[in-house]
Amino acid sequence: MALEIDSNPYQLIEESNLLPYGSAQKADLLDRAVVLADKSGSVRTQFDARMARLFCATFGGEPQLMLALFAWCQSTADKRPDIINPSELLWSAKFVLIKLPKYARITQQQIDSIQHDMVRRYEAHGASLRGVYTSLMQAALSQGRVPEARVFWDKAMKLPRDNYADCRACEVSNSLSLLASEHRYEELLSTAKPILAGQLRCAEVPHFAYPSVLQAMHGLEQQEDTRPLSNKGYRLIQSNAKFIGCVATLIELLVLDDELIRAAQLVTRHLPWLQATTLDTERLHYTHALHRLLLAIWAKPIRAAQWRQQLFAALEEIYGAGAGQDDDKARLEWLLQQTTTAGLAIADALDQRNANRYYREHWNLATY
Amino acid sequence: MDHRFQINLTGLIDLLSNHLYTRPDVFVRELMQNATDAIHARCQLAPQHQGSIHIHLDDDAQAVTFVDNGIGLTEAEMHRFLAVIGESSKRGEWVGQTQDYIGQFGIGLLACFIVADQIELVSRSAADADAPTLRWSGRPDGTYDIGEAPPRTEPGTSVRLVCKPAFQHLFSLDTLRESAQHYGGILPWPIDLVHLGQNNRVNTSERIDAFPWDASHLPHTQQRQYWIELGERMLGAEIFDAIPLESTVGGVDGIAFVLARASLQSGRNRHHVYLKRMLLSDSVDNLLPSWAFFVRCIVNCTDLHPTAARNAFSEDDKLRLTQAELGHCLRRYLINLAEQEPQRLQQLLSYHHVALKALALEDDEFFKLFAQWFPLETNYGNTTLQEYLKRNQQILYTQKVDEFRQIAQIAAAQHIDVINGGYIYDAELLARHGELFPLVPVRSVQPSDISHELQGLSPDQEARYQPFLKVAATVLEPFDCRPKLKIFEPADLPTLFISNREATINRQVDHCTEVADDLWQGVLVQLQSEAKSELCFNFGHTLIRRLAQHPDLALVERVIQVLYVQSLLMGHYPLGRSELAMMSDGLSGLLEWSVMGTKGTATWH
């Protein structure tokens, strides 16, 4: 974190705005902005620098840091309403609600308390709860509570849209994940049309839409046209670890399409994301995807192939190597055991907190 | 029972002016576009027809009339096309095919209501030799009337607008000329602006049929310079190079200009796009593939579909194929440059390496050709991958800039050559290199990987200095930091703070926890991982050697406190409250000890 003596936090923030979310360079610039802001002694500057870093963490795949920075900003805003308007945090609060239940370690009571606190803050500001309910829909989905998610979504859509609600493109994109969970694939494809046609766009639209659309096409057995969409979707998300779940879905679908070499390439390429992510739901999703790939390899006659050796070697860096290193079948069996153990441990931890068996039951399905 | 939607025309006009159109002079575009479509339609009937557009500005500059010698309208067409929103003439059974025309949405005429309270249109159809001349008057309340007008000798249409007071500035000669040039400057028929009896030609090019970028009349060697000058004039930016663009899909013809400044990856470049020679927009953002943000284009296209806002094209298959073809033109240019003008390529890379790295991530063939020239930062200075691989058998890189900085402090002394992969796309490109060239191992390193390779003490020494390590562990424990005694170069570096990604995030979460309210403190504690940072004490440094053997453990504790905070400051890490407090304690203690030392107590030296 080298500091330029003559730079100021706002210069660094401005410089970071030129870089895309997910880039380490952007995060580094903003880390330096925070250090400089702290040196300035100005609470407003410290808040601004952390808000910029908060957005970077939110859209760049650093959820742990996002939650911590949000806590810092909210506490500081509460203590200094004379210089910080508490409404400045309302927009970010929606992302906090989505991320919290993705950690198995966070208790239901903590999730409920923070959700209630957010609703209270929105109401105190006289803001529409449309955005909050949209986030609660996504939170419910990540807890495997699909009917509850539908209730939140329907509630959200009846409320007026204001500055704190998502834009139309994001709302349509969000609705796709709900429709996918409900297996309403035809409706999903028709809802996604304006996104795919480029009529609705936003910072993360169509990024999140492609995996849902591809999932629906598979559900409707229309997979013959999926390759160009899969490639286009991947190009959008390949550089930002925030989209690890989307990459996992693409891998699952490649396995279903029997494109094992491409799936193995993606699994290996994004293993650093698996190691870096702190979100249990995303770790589980990615582990599930690579487990499905290993199962697909298991189902085929074992032949020497370089791509498979590279995959095994990369996975053994994470899961360790079992006995029988010269025997591909034994290696595969070991890796299958390891991924099952790792995946089910996360699934059980999430299910225990969520008081259901959603993730355990989905482990044996082709896609999460 | 079925009901019909009611449309509030005034509200719709407000919507158009405030939300859809980006420039208030858009009525000029819409009227010239209608005139152009009408001329195209007439040319379908009579291929030899010579089109023309006249724009008459009243002497008092209160009204303007656009006159064309296009196909004109019959009464039935007036009812249908001028009065039904969404029923553009270009959708119906006008002469020719829908795609022959520019307007597609039937809302263009409404743009006139932004600047005028009434539209008066006089037209005579060329479709029928006996067609009467008709006058159509439309008002923003949605009413209109049609009646016969004094006969026009020539078929065609004129549209007269009387300006609203607030838009008087748009009705001056200079503004109208600028608007007409902006939108219709490359139309292939004469456009004349008439005011106070003076005729002003808008499109003054001697080669009216040719595009401004058509350099076919020049020798090949002079074309590049011609284009560069054109680009600098039209785009107002310094141009490094020009690339001819052509795509049969979409009917694209034009030039891509390589800017002589670093391109911004965050936003797409805005392109100057003509649709059938009428300016569609000077800020079209989706004509090229997303990686091509190092060029700005001036192009004409004949077969792409604009969105209603007209600053982008519909993302249909045709656009996708066009993007691919245009991408191919740019890629071919870069490959030619690499093969024939490597020096020039180096210069281009100095501006646009980020864009080219983005392309390399999408295109393996391009990667294989260009990866060697990409600039990289290593602990031995800036280099290229080609140079790096001359001195290394494998590629070592960090994922983050911060990790690189930690490693760079000692890597050179350990003869380790590490690439900073924290800059945009670099880590991904290096990982991709490993996929494409498996014989060159690629390894991502973290600071702790390097610290593990630092020379440790012998077991005897480790045992001897256990008391020191114990004190250090106690001091550093609240900060999730572990002490290590190592010997490393540079010898004048007393300590090295090493923090992997997880540990760094832990530190940041810790600092936030200190400030968070009770509800959030509970949550943040749950988020902490087991990862710890390390403080490596350099036993090769005199201070550390003396410190490790010093009998006064209280003093040792103070010095460790200060060394820890000093190492954080050296690495420019943010300090938490507890770290600031510790620095204060440590310094106070040392000062106190120093004062005592002057009274005869054992001193440092």
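**Entry 1: a polar pair in chain B.** I began with the side chains of B:Glu579 and B:Arg507, which are joined by a polar contact of 2.6 Å. By polar contact I mean a pair of N or O atoms within 3.5 Å; within protein, one must be able to donate a hydrogen and the other to accept it, and residues adjacent in sequence count only if both atoms are side-chain atoms.

**Ground rules.** This is a predicted model, where local features need pLDDT of at least 70 and side-chain atom pairs count only at pLDDT 80 or more, while totals for chains, interfaces and linings use all residues. Residues are numbered from 1 along each chain as its sequence is written, chains are lettered from A and ligands numbered from 1 in the order in which they are written, and side-chain values use heavy atoms, with hydrogens and water left out.

**Entry 2: around B:Glu579.** I placed B:Glu579 in helix α20 (residues 577-597) of chain B; helices are DSSP runs (H or I, at least four residues), numbered from the N terminus. B:Glu579 counts as buried because its relative accessibility is 2%, and buried means under 20% relative accessible area (1.4 Å probe, protein chains only). Leaving aside neighbours within four places in sequence, I found B:Glu579 in contact with residues including B:Phe479, B:His511 and B:Tyr564, contact being heavy atoms within 4.5 Å.

**Entry 3: where the chains meet.** I next turned to the interface, where 53 residues of chain A are in contact with 48 residues of chain B. The rule finds six salt bridges across it, a salt bridge being a side-chain nitrogen of Lys or Arg within 4 Å of a carboxyl oxygen of Asp or Glu. I looked up the one between A:Arg235 and B:Glu362, whose closest N and O atoms are 3.7 Å apart. Several helices of chain A each supply at least two residues of the side that touches chain B, among them α2, α6 (108-124) and α12 (226-237). α4(A) gives the most to that side, with 13 residues.

**Entry 4: A:Ile114.** Which helix of chain A holds A:Ile114? I found A:Ile114 in α6, and A:Ile114 is buried, with a relative accessible area of 0%. Beyond four places in sequence, A:Ile114 is in contact with A:Leu97 and A:Leu100, and also with B:Leu519, B:Trp520 and B:Val523.

**Entry 5: α2(A).** Last, I checked how covered this helix is: 14 of the 17 residues of α2(A) are buried. α2(A) is followed by A:Gly41, whose phi is positive, near 80°.

Technical notes:
Buried means under 20% relative accessible area, exposed over 50%, partly exposed in between (1.4 Å probe, protein chains only).
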